[in-house]
Amino acid sequence: MVDRQYRKLFAAGIINGMGDRFCQIALLALIYRLTGSGFSVGIMLGLRVIPFLVLSPVAGVLITRISRRMLMMTTDFFRGLAALAFLSVHSPEDIWIIYGVSTLLACGEALYAPARKSSIPLLVHPSELLKVNSLEQVMSGLVLVVGAAAGGIISALFGPQAAFILNAASFFAAGLIVRNIAFPPVMKEKISREDPNRSRSRMLDCIRASVPLQVVVAFELLVPMLNGIDNVLISVYAVQEFRLGDAGIGLFYAALGAGLVASYAIGHLFSGSLLKGGLVCLLLEGILLMGLSGIYHAWAAVAIYFLISLAGGVGAICLDTLLMRETPLYLQGPLLGMLTAWSQGIIGLSMFGAGVAIEMMEPRMLGLVGGAGFVVISIVISMYYARIRSRKAAGV
């Protein structure tokens with residue numbers, strides 16, 4: 001049975017995740033209606049990346065100095081107030097409000113995400129980490145499927161203002177739930193005794209001492225270089241290649257969400273080989289992406305997107321659990337803050353690069369290159385891991 005305190009964290013994640021998705025869908029529609037410009041949409045998405053580069057490492061430091069509950073609760077209430085500012089957007093001249101508030105919301109998320117993820121090992125028994133990380137993928141899938149669909153329906157029926165109000169309300173509700181989470185006092189004392197000024201050097205020492213942790217860090221650094229291609233191509237495939245229009249984008253995202261939910265049932269199969277499971281799933285994801293570039297039937301593409309997300313979800317379960325097991329509790333906040341900043345920054349650059357590349361090459365060729373990149377990364381990391389293991393076995 002999952003710990004009661006984690007169930008509160010899960011509920012808060014579902015609520016503010018759904019609200020955020022409502023708002024995102026409504027914003028995308030509102031920006032396009034006000035400006036008629038895809039470039040304006042790109043500016044908003046690009047601005048969301050910057051706070052992660054700057055604030056995620058800050059969150060890692062804050063976690064060692066103030067309580068995670070206080071940090072998460074404060075950022076939820078802050079985002080709830082900020083989201084209400086979207087109600088003042090009525091004309092193209094108000095577009096700066098969207099840019100500014102979206103950046104503020106991203107600032108809150110950049111602080112919230114590392115604090116939330118590093119809270120998991122404090123709230124659950126180590127034997128439950130694999131199960132809980134599987135539930136995290138279920139949460140992401142539900143938010144993606146239900147949040148996106150409901151956000152579109154609410155915005156269409158009642159206008160974007162209704163979605164904005166629900167978004168603000170979801171942050172306030174999530175903050176109240178987080179307020180009631182009880183963190184174990186023994187764990188908090190252990191963390192507070194550590195000197196925050198030494199966390200970076202200790203973190204690097206921890207990574208050097210753990211080959212599995214080196215693999216996780218390599219994964220977080222290399223894979224985001226290609227994730228931007230996927231994010232760009234999903235809309236291009238739906239509209240341009242399969243002629244499905246906006247409904248096709250929703251259909252493909254629904255398939256991705258369903259795959260994440262389904263990963264819950266499979267993640268436990270790799271409990272004894274988390275590292276191998278993560279690398280195999282990355283390899284499979286790359287092969288499926290390469291196969292997608294040669295598919296011309298829409299329903300086959302939906303099925304492949306489901307399988308891609310299933311493989312990615314299982315891989316994330318394995319690697320997240322591995323990171324939590326290999327990293328001491330007092331270092332998890334700083335390490336997660338650093339990895340979040342790196343991955344989000346790299347994804348932002350990758351999306352920009354993919355946008356440029358798609359102007360110079362066919363979408364399917366770009367998809368083939370991206371899939372091949374996943375395969376190459378999985379092989380390179382596997383070879384590195386095998387080499388280190390053989391050297392240790394030989395006593396070198």
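Helices (H or I, at least four residues) and strands (E, at least two) are DSSP runs that are numbered from the N terminus. The model is predicted, with local features requiring pLDDT of at least 70 and side-chain atom pairs counted only at pLDDT 80 or more, whereas totals for chains, interfaces and linings use all residues. Residues are numbered from 1 along each chain as its sequence is written, and side-chain values use heavy atoms, with hydrogens and water left out.

**Exercise 1. Locate the pair Tyr6 and Phe10 in the secondary structure and classify the geometry of their rings.**

Solution. Begin with the elements: the chain has 16 helices and 0 strands, and both Tyr6 and Phe10 belong to helix α1 (residues 4-35), where they are 4 residues apart, about one turn of the helix. Next, apply the ring criterion, under which rings of Phe, Tyr and Trp (its six-membered ring) pair if their centres lie within 6.5 Å, with planes under 30 degrees apart counted as stacked, over 60 as edge-to-face and the rest as tilted. A search of the whole structure with this criterion finds 6 aromatic pairs. The rings of Tyr6 and Phe10 have centres 6.2 Å apart and planes at 55°, so this pair is tilted. Finally, consider burial, where buried means under 20% relative accessible area, exposed over 50%, and partly exposed in between (1.4 Å probe, protein chains only). Tyr6 counts as buried because its relative accessibility is 1%.

**Exercise 2. Describe the pair Phe252 and Tyr305, and state which parts of the chain the pair ties together.**

Solution. The ring centres of Phe252 and Tyr305 are 4.8 Å apart and the planes make 40°, which places this aromatic pair in the tilted class. Phe252 lies in helix α12 (residues 245-262) and Tyr305 in helix α14 (residues 298-326), so the pair ties together parts that are 53 residues apart in sequence.

**Exercise 3. Compare the span of helix α3 with its expected value, and locate its bend.**

Solution. The expected span of a helix is 1.5 Å times one less than its number of residues. Helix α3 (residues 49-63) has 15 residues and reaches 21 Å from its first C-alpha to its last, close to the 21 Å expected. The bend at a residue is the angle between axes fitted to the seven residues ending there and the seven starting there; in α3 this angle is about 40° at Leu55, and a proline, Pro57, follows within four residues. The buried residues of α3 include Phe52, Leu55 and Ala59.
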